Amino acid sequence: MKKYNFNAGPSMLPREVIENTAKQILDFNGSGLSLMEISHRAKDFQPVVDEAEALVKELLNVPEGYSVIFLGGGASLQFMQIPANFLIKKAGYVNSGTWAKKAMKEAKLFGEVVEVASSADDNYTHLPHNYEIPADLDYLHICTNNTIFGTELREDIDAPVRLIADMSSDILSRPVDVSKYDAIYAGAQKNMSMAGVTVIIVKDDVLGKAPRELPTMLDYRTHVEKGSMFNTPPVVPIYTLMETLRWVKAQGGVKEMDRRAHECAEALYAEIDRNKLFRGTVAKEDRSLMNICFVMNDEFKDLEKSFLDFATERGMVGIKGHRSVGGFRASCYNAMTMEGVNALIQTMKDFEAQH
């Protein structure tokens, strides 16, 4: 039976990316050594880092004056590394979900933090809107896609201060005006690679301004100057990242990923809205194209486990919702196909017909 991977992360990768990585794990570039055991200083590996960096810049149209670096630690490390490097006196955070809240908590260790806006009182069922951004902030931090709650900001806002974004779960799924941001960071295990590498895009002229002495590993300048090679980088995830970036480019780039994201999400949301058994969990204007969250309508709540079992038998993997929301979550990252989405839609229709 064919499986359809709707996991929220680590998540689905294009099949050819998996196969190409697997070949290199067995024998990297005909060296007789596995990609897992080569030195990151090996002459054959430096071109992998260089190509991955170049492709990030090409696909996202990164302007001159920005660096791209690859680090470990996930976005969770960036929650601390961002304020360590950029918080001078006061930072502002938009609290739009669990990860934004976690980022805000870490920033408080480095200085004053202002919650500029929040949708926590409504259990993050919508994005904060129409909020004022104080002009005296060192930076404003936003999370563009909220994986757990299924909301997404799919546009680049105008801010009167430096703008920093966690784009872990929607990077490469839409065009981005990088020039509006001083830093963008993304854990790779959604749209870019396997878990283990984090991509950071940072504006060079904002580095080195922190009023504190930083540990060497936490200073972005360390990694910019060493080309992500200050310490042993996550070799296999970086290789997988390069393969995924090649795949995105071959498919038509970020513009095509954006088109596919709309196609998949709009079809699935249409079924959620039509089907008498289900309802969406967030405001329609803020619905994520990456993480589609839905629950059983109240009168069919007792069918939740039955539907999960039914969908699992049909090959749907990873659709159980996060405990903060309950119900179901279908993550439709770049590698998801309309075939997979249509299979889930048919599963929902067939279950409705039975009940």
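Leaving aside neighbours within four places in sequence, Ala-195 is in contact (heavy atoms within 4.5 Å) with Pro-10, Gln-189 and Pro-237. Keep in mind that this is a predicted model, where local features need pLDDT of at least 70 and side-chain atom pairs count only at pLDDT 80 or more, while totals for chains, interfaces and linings use all residues. Residues are numbered from 1 along each chain as its sequence is written, and side-chain values use heavy atoms, with hydrogens and water left out.

**Around Ala-195**

- Ala-195 sits in the loop between β9 (183-187) and β10 (198-203); helices (H or I, at least four residues) and strands (E, at least two) are DSSP runs, numbered from the N terminus.
- With 38% relative accessibility, Ala-195 counts as partly exposed, on a scale where buried means under 20% relative accessible area, exposed over 50%, and partly exposed in between (1.4 Å probe, protein chains only).
- Gly-9 is 186 residues from Ala-195 in sequence, yet the two C-alpha atoms are 8.3 Å apart in space.

- The chain splits into domain 1 (15-251) and domain 2 (252-353), with bounds that come from an automatic or database domain assignment.
- Domain 1 puts 30 residues into the contact, and domain 2 puts in 27.
- Taken over C-alpha atoms, the domain centres are 27 Å apart.
- About 2,200 Å² is buried between domain 1 and domain 2, 53% of it on carbon and sulfur atoms; buried area is the accessible area (1.4 Å probe) that two parts lose on being put together, summed over both.
- Across this interface there are 18 residue pairs in polar contact, both residues at pLDDT 80 or more. A polar contact is a pair of N or O atoms within 3.5 Å; within protein, one must be able to donate a hydrogen and the other to accept it, and residues adjacent in sequence count only if both atoms are side-chain atoms.
- On the side of domain 1 that touches domain 2, β7 (151-152) and α6 (235-251) each supply at least two residues, and α6 gives the most, with 5 residues.
- That side of domain 1 divides into 12 nonpolar, 12 polar and 6 charged residues. Here Ala, Val, Leu, Ile, Met, Phe, Trp, Tyr, Cys and Pro count as nonpolar, Asp, Glu, Lys and Arg as charged, and the others, Gly among them, as polar.

**Salt bridges**

- The structure holds 26 salt bridges, each being a side-chain nitrogen of Lys or Arg within 4 Å of a carboxyl oxygen of Asp or Glu.
- Between domain 1 and domain 2 the count is 1 salt bridge.
- Asp-258 pairs with Arg-154, with the closest N and O atoms 3.2 Å apart.
- Glu-58 and Lys-249 also form a salt bridge, with their closest N and O atoms 3.2 Å apart. This pair links distant parts of the chain, 191 residues apart: Glu-58 is in helix α2 (residues 46-59) and Lys-249 is in helix α6.
- Both ends of that pair count as partly exposed, Glu-58 at 41% relative accessibility and Lys-249 at 42%.
- Arg-260 bridges to Glu-256, the closest N and O atoms being 2.9 Å apart. The two are separated by about one helical turn because they are 4 residues apart in helix α7 (residues 253-274).
- Arg-260 is partly exposed at 21% relative accessibility, whereas Glu-256 is buried at 18%.
- Glu-256, Arg-259, Arg-260 and Glu-263 are linked in a network of salt bridges.
- Glu-304 and Lys-301 meet in a salt bridge too (3.3 Å, N to O); Glu-304 is partly exposed at 23% relative accessibility, and so is Lys-301 at 44%.
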